[in-house]
Amino acid sequence: MSKDWWKQTAKGVPHMVTETPGPKSKTMHNNTIRYMRGLSGQVKLFPVCFEEGYGITLTDVDGNKYLDFSSGIYVTSLGHAHPKISGAIAHWAGKLMNAHDFTTPVKEKLLEKMADVLPGNLNAVQLYSDGTSAVEAGIRAARAISDKHEFISCYRDFHGKSMAAVSCAQMVRGDVHSYGPTRAPGFYMVPRPDPYHPLWTKADGTIDTDMYIRFYEQFIQEGTVGNVAAFVLEPVQGWGGSIFPPDDYFPKLKKLCDEKGILLFDDEVLAGMGRTGEWLCMDHWNVQPDIITLGKSFGNGFPVTAMVVKEEYADALDKISASSSYGGNPMACAAALASIEVLEEEDILENVRLVGAAIMKRLETMKSQHPIIGDVKGKGFLLGIELVKDRTTKEPFEEAGRLVYQKAFRKGLAWIPAGHILRMSPPLIMDEKYASTGLDLIEESIAEVEKEFGYH
Ligand SMILES: Cc1ncc(COP(=O)(O)O)c(C=O)c1O
């Protein structure tokens, strides 16, 4: 199949035919929220009703065609309704939908393929159906491997909303705070380096990663009971606003973990499977984690996730059952297998590296021209723009974040807000032309907001 399968449909996108959200969207959304509550900010700020997605475009019920800069929510990374992936799911939907955790031909193939593409000896696998369940399994695995029970995670990390996953996470936005104490005993949070907001700096003003590591060392000594099973981290903070650590952070953290006999649990649910231009985001730093989780892009929209540990820890997985109602069902395995094959066949990593670099270059130019852009960040197709009221104080510009998000959406860009940090996660198949169209819409919206607030 040609890698241009999506291009014909993308012609002329975005193409808006009504005010948005349009009349049909409004009615359907209002009917929906009579029953369904607790929607994300992404939806609440732009309550449109989608009915079709193909490649890099999304179409709403009023016939408006949007350029996709969200991949759902980092999920449909190889494009909506990729013919090979949808075909593979449909094949198994018509043949065998569920066989518990029995072996199936497609599961055998998927596991062999995963062992082939994942770095090092990450090849002991359990399959689940959402990222949170995979993270929970990773926590069970860490306990089973180490016979220890404490966990350290980082401020503004996100790992899911079940009890152990949320204990490693900081729910910084929304109403979720109201569901009570969220940190289970033995789960701790520490700061991690955000280059734009460093806690510790060197004499030359650059971020001092050694200080973070020294703090962790002291924290392990003084703040735990000496029973730390794992550090649980996102390689890049997705929900936190596309925050990448400095390049020396993970190599130093891994060294500390090895010295202290602590496992490194790398949650790649959001950043993995090519989104940053490497199979795993952690590959950028040549660090081999002990445990990883995969989700979102892993099945290109079909609910399939994985928890993987290094081969030497495989026996520990026998102590934590892999049985799950949906995990590893034939449709799920087919979706994940076809997604990995597409990543290879369509040379997706190369596209992400090349187009991602062009996007970053453009973002840097935008930053030099727009006073409310405090920082731009990203690798590959995982990107963010941080809006500030003042570049000296770096005060978050939440209102501008909301307005820029809504304005660009109205112009036809489906994307993702995170307070004052705007997030971009285009499908990995996108070429430079459409990436540039999306950035034009963002830049126009930023300029309009700057004008409204008297910056020009
Ligand atoms: C890093 C990370 N881990 C875990 C999860 C939870 O995944 P899910 O929503 O599929 O349960 C998310 C969701 O956004 C995530 O970003």
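The model is predicted: local features need pLDDT of at least 70 and side-chain atom pairs count only at pLDDT 80 or more, while totals for chains, interfaces and linings use all residues. Residues are numbered from 1 along each chain as its sequence is written.

**Overall fold**
- The protein chain has 15 helices and 15 strands, taken as DSSP runs (helices H or I, at least four residues; strands E, at least two) numbered from the N terminus.
- Buried residues make up 50% of the chain (buried: 20 or more other C-beta atoms within 10 Å of the residue's own, with C-beta atoms placed from the backbone).

**Nonpolar core**
- The largest nonpolar core has 131 residues (a core is a set of buried Ala, Val, Leu, Ile, Met, Phe, Trp, Tyr and Cys residues joined through C-beta atoms within 7 Å).
- Helix α12 (residues 330-345) gives the most to this core, with 11 residues.
- L413 is one of the residues with the most contacts inside the core; beyond four places in sequence, its contacts include Y66, F69 and I442 (contact: C-beta atoms, placed from the backbone, within 7 Å).

**Domains**
- An automatic or database domain assignment divides the chain into domain 1 (83-345) and domain 2 (347-393).
- Their C-alpha centres lie 25 Å apart, and 14 residues of domain 1 are in contact with 16 residues of domain 2.

How values were computed: Buried ≥ 20, exposed ≤ 12 C-beta atoms within 10 Å, placed from the backbone. Contact = placed C-beta atoms within 7 Å.
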